[in-house]
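Please examine the sequence and the structure shown below.

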Amino acid sequence: MSKRILAPIALFATFLAPLVVHAQAAAEEAAKAPHPHGSALAIAAALAIGLAALGGGLGQGRAVAAALEGICRNPNSAEKVQTPMLLGLAFIESLVIFALLIAFLMYSVLTG
């Protein structure tokens, strides 16, 4: 075999494989102990959800305001503006829901 193939295999077998075994043992020990920062993580998750809701609310308000302003300037465009506006609002709201899911996942993973 060439040195380009043999060198990474030897590196993995020599150094990285034992690290994986030791990391698994350390992770098992860490999972048994209670997490010392559980309340701080809960506050951080709540703050993240609050900021996401704030950003989503501001974005939705600006989107609706712009759509209504366009409809007021040209009432005949109401049918053309309403559907994209509702689609945009749904996308903005989905980002807030994703932030909620990410906050829950981070809290559950970090606290065990």
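This is a predicted model: local features need pLDDT of at least 70, side-chain atom pairs count only at pLDDT 80 or more; totals for chains, interfaces and linings use all residues.

Residues are numbered from 1 along each chain as its sequence is written, and side-chain values use heavy atoms, with hydrogens and water left out.

**Helix α2 and its salt bridge**

Helices are DSSP runs of H or I with at least four residues, numbered from the N terminus. Helix α2 comprises residues 38–73. The structure holds one salt bridge, a term for a side-chain nitrogen of Lys or Arg within 4 Å of a carboxyl oxygen of Asp or Glu. Its partners are the side chains of Glu69 and Arg73, with 3.0 Å from N to O. Because Glu69 and Arg73 are four residues apart in helix α2, about one helical turn separates them. An α-helix has 3.6 residues a turn, so residues three or four places apart point the same way.

**Exposure of individual residues**

A residue is buried under 20% relative accessible area, exposed over 50%, and partly exposed in between (1.4 Å probe, protein chains only). The table lists selected residues.

| Residue | Relative accessible area | Class |
|---|---|---|
| Glu69 | 43% | partly exposed |
| Arg73 | 68% | exposed |
| Ser77 | 13% | buried |
| Ala53 | 40% | partly exposed |
| Ile102 | 48% | partly exposed |

Ser77 lies in the loop between α2 and α3. Leaving aside residues up to four places away in sequence, Ser77 touches Gly70 and Ile71, where contact means heavy atoms within 4.5 Å. Ala53 belongs to helix α2. The C-alpha atoms of Ala53 and Glu93 are separated by 8.6 Å, although these residues are 40 residues apart along the chain.

Helix α3 (residues 78–111) has 34 residues and should span 50 Å at 1.5 Å a residue; its end C-alpha atoms are 49 Å apart, which agrees. The expected span is 1.5 Å times one less than the number of residues. The buried residues of α3 are Met85, Leu89, Val96 and Ala103.

Ile102 also has its place in helix α3. A nonpolar patch on the surface is formed by Leu95, Ile97, Phe98, Leu101, Ile102, Met106, Val109 and Leu110, with about 800 Å² of accessible area together. Such a patch is made of residues with over 30% relative accessible area and no salt bridge, whose nonpolar side chains (Val, Leu, Ile, Met, Phe, Trp, Tyr) are joined within 5 Å. Accessible areas come from the Shrake-Rupley method with a 1.4 Å probe.

Definitions and conventions. Helices (H or I, at least four residues) and strands (E, at least two) are DSSP runs, numbered from the N terminus. Patches are made of residues with over 30% relative accessible area and no salt bridge: like charges are joined within 9 Å, nonpolar side chains (Val, Leu, Ile, Met, Phe, Trp, Tyr) within 5 Å.
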